[in-house]
Each structure stands twice: as structure tokens, then as C-alpha cells.
Amino acid sequence: MSETSTQLTPAEVWQTLQEGNARFVSGEVNHPNQNAARRSSLTEAQHPMAVIFGCSDSRLAAEIIFDVGLGDVFVVRTAGQVIDDAVLGSLEFSVDELGVPLIIVLGHDSCGAVSAALSSSESGTMPSGHVRGLVERIFPSVLAAQQQGLSSVNDTVEEHVKQTADRLVDHSRALHAAVEEGRTAVVGVTYRLAEGRADLVTTVGNL
């Protein structure tokens, strides 16, 4: 993992992260790049190999589940991995300025934000405060899942991951261009809380 992102293809990055997740699942983690020497080496610059856009859930710590360390991944998190301008700006920065070759959209089982959107859809009532904005941004994924006959939280989470991966590319010219030019790819992943497994559910671009 000492290589910079510019030396790795999207497929190579995904393979590295899959290997790290396999170690995490088996309990044989390496905890790489977490010492003082690594910390010191990063004071002048960073070269993350991936950007992980995931849910803020406390059980979904990206560096831990992929067994990586300091400087390895650029992480952006919101409840329900909901997209807003700050998210898009962060992802564009990671791709255009840091040269990150892979974007991972990371959802998980039993997501509270998706559950709230499902409940609001069924009851017709909306939560108060800014939580309402989160739910409204998840609604399109809930509707897409329902159109396919999917109604469980976990099935809706998977559809939300797929929809989010597509929306990132659709809503950002910079990300769309990076995918079109083969500079980066987007993968959608769902994390299984019980097993610790990160399963690939969708790809956008060449992986």
C-alpha cells in the first residue's frame, strides 16, 4: 500500500480492499500503515488509493472493515450516504486533485436512515428538523425498490447503494468525466453487520 493512487488501477484498488476485508472477516487483520513512521511520512502530502463515501453509522468504520491505515483512503460520511453539495465537492476534490482511481459507495444492513425513509413512505408522515432532508433524499431509492417489489430494509439499502452510485456520476460533471475517461470507477458495496463482509452490488465505469 505504499504505492500512490496514480500507480493503481480501479481493479487493483478494489482487489486490495477486498483482501483487507477478508482479513477483517477472518479476524486476521494486519493494521497496516498505523505507526509513527507512516504518520510522519504523510505530513507533506497524501495519496489515498480510494475514496469511500459511506453511511455515518458507528458500526461502519471504513478503515477498520477494509484493514487499511493512515493515508490509504479518503473518507466521506453522511447518514444513509446521502448526497449533498459538500459530498460532491469532496468527491470531486479526491478525484481531480488527489487522483483517486476508485470511489466506493458504502451502505449497510439495518440502516437507520433508510428505515426512517421506509417508515415515512408507509405512514405518510415526515420526521422533523433536518432529518426530513435526509429522508427526502432517500425517497427516490425507496420508490425504485418498491417498483421492483422490494420492501425490506436490507433490499432497499442495496437499491439505495445502486441508485447513489449512479447519481454521483449523473449529478457531477467532474465525476462523469473521470469515469468516462477511465481515470476512476465507482463501485457500490453493502456491508453485512453480522459477518463483517463487504459485498459488491454495482459498478459504474471500468473495473
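The following exercises, with worked solutions, concern a predicted model.

Residues are numbered from 1 along each chain as its sequence is written.

**Exercise 1.** Determine whether Leu 168 is buried or exposed, and list its contacts.

Solution. Step one: Leu 168 lies in helix α7, residues 153–171, helices being DSSP runs (H or I) of at least four residues, numbered from the N terminus. Step two: its relative accessible area is 0%, so Leu 168 is buried (under 20%; exposed is over 50%, partly exposed in between, with a 1.4 Å probe and protein chains only). Step three: apart from neighbours within four places in sequence, Leu 168 contacts Phe 53, Ile 83, Leu 88, Leu 91, Ile 103, Val 105 and Leu 175, contact meaning heavy atoms within 4.5 Å.

**Exercise 2.** State which residues Thr 164 contacts.

Solution. Step one: Thr 164 is also placed in helix α7. Step two: its relative accessibility is 1%, and therefore Thr 164 counts as buried. Step three: neighbours within four places aside, the contacts of Thr 164 are Phe 53, Gln 81, Ile 83 and Val 105.

**Exercise 3.** Describe how helix α4 packs with helix α8.

Solution. Step one: α4 (residues 85–96) and α8 (residues 173–180) pack at about 35 degrees, with axes 9 Å apart; axes are lines fitted to C-alpha atoms over the stretch in contact, and angles run from 0 to 180 degrees between N-to-C directions. Step two: α4 contributes Leu 88, Leu 91, Glu 92, Val 95 and Asp 96 to the contact, and α8 contributes Ala 174, Leu 175 and Ala 178.

Note on methods. Predicted model: local features only at pLDDT ≥ 70, side-chain atom pairs only at ≥ 80, totals over all residues. Heavy atoms only, no water. Helix = DSSP H or I, 4+ residues; strand = E, 2+ residues; numbered from the N terminus.
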